[in-house]
Amino acid sequence: MNFYLTQNKYNQTTGILHFGIGLLGTAIKKIILKKEFFENIHLSNYQFDWQKIEHTPLYLANFFKTNTENLSNLKELHIIWSAGKAGFSATDSQAEHQLSQYKFILSQLIDALATKNIRPIFHLMSSGGGLFEGQTLIEANSVPNPQRPYGKMKLAEEEFLLKHQLGFQVNIYRLSSVFSVDVLDKRKGLMNILMENGLKHQVSTIFGKENTIRDYVLDKDIAKFLLAKIYNNEANGGIFCLASGKPSTIFEIRKQIEKILNKRIFISFSPVVTNAANMSYAYTAIAKKFDSENQNTCLKKLYINLTK
């Protein structure tokens, strides 16, 4: 659990409480500390054991105790939730367990903030892939229709905040397939796996089809969009689709990587096809002011970082 004390564009004292430093969480942390938005930053790390969430009240009590003065100067507290280990292939029990943890932690936090008269503004990392699996040309008014436990869990996470009885500003980011070019020690997506195995002369096993269509979005682009909202004091609530708007097949990505490596890469398509549904987004669905870096440029950067 990380706490950043800083100032926004208007020199207002701003607090950011961040849960979940995985792939996307690491990108968010890097952008904050690189001072691309916030100039003066004080970072504090607080104990939070995900294996012992029953101790959440103690963790939060320690956080509030050590930040009494800092929190008293805040107009609002931004809470970023990018936590969760359950992935696209999570079972019912795994998804239910993660959802119960999520609700318990945030309920404890919301109750504590209410007693201290601190207004929370939430930033929830959700999943376009989980909510719209199998849909193409997804639009802003497309209706979520989750097909598996992971998607149902992400929709329940959204609804928990949106329908909470206390009511507060909730910013939900529905992400397409997230990848990174410089966070290399966290969850790996298709591009990272194909590039890494290509460099090692190893075979990549894919649980889809060569013509499976997906939309890929860079972790740093997501982080910049979110943090710009906080910095510019524009986190006024809403649901934001963050995607590149460029549909790509596995075959296309394979050819891009082969061109960069200047050799063939080897893929084994599993006979058990569990992740082959197409997904793509209409440009009109993508959040305003969201910019995504060119895919081929990203692949070249990934190659450079993997061969340093």
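Reader: How many of the eleven residues of helix H1 (residues 23-33) are buried?

Author: Eight of them are buried, so helix H1 is largely enclosed by the rest of the structure; here buried means under 20% relative accessible area, exposed over 50% and partly exposed in between, with a 1.4 Å probe and protein chains only. The buried residues of H1 are Leu23, Leu24, Gly25, Thr26, Ala27, Ile28, Ile31 and Ile32, and just after the helix Lys35 takes a positive phi of about 60°. Helices (H or I, at least four residues) and strands (E, at least two) are DSSP runs, numbered from the N terminus.

This is a predicted model, in which local features need pLDDT of at least 70 and side-chain atom pairs count only at pLDDT 80 or more, while totals for chains, interfaces and linings use all residues. Residues are numbered from 1 along each chain as its sequence is written, and side-chain values use heavy atoms, with hydrogens and water left out.

Reader: What covers the buried residues of helix H7?

Author: A general idea comes first: an α-helix has 3.6 residues a turn, so residues three or four places apart point the same way. In H7 (residues 190-199), eight of the ten residues are buried, among them Leu190, Leu194 and Gly198. The cover includes strands S7 (177-179), S8 (203-206), S9 (213-218) and S12 (266-269), together with helices H9 (250-261) and H10 (295-306), where contact means heavy atoms within 4.5 Å.

Reader: In what order do the strands of the seven-stranded sheet stand?

Author: Two strands pair if DSSP finds at least two bridges between them. The order in this open sheet is S3-S1-S2-S4-S5-S6-S10, with mixed pairing, and its edge strands are S3 (42-45) and S10 (238-242), each pairing on one side only. Within the sheet, S2 (residues 13-19) and S4 (residues 76-81) pair in the parallel sense over five bridges, and Ile16 stands opposite His78 in S4. Helix H4 (residues 92-115) lies across S2, S4 and S5 (119-127), running at about 175° to S4; axes are lines fitted to C-alpha atoms, for helices over the stretch in contact, and angles run from 0 to 180 degrees between N-to-C directions.
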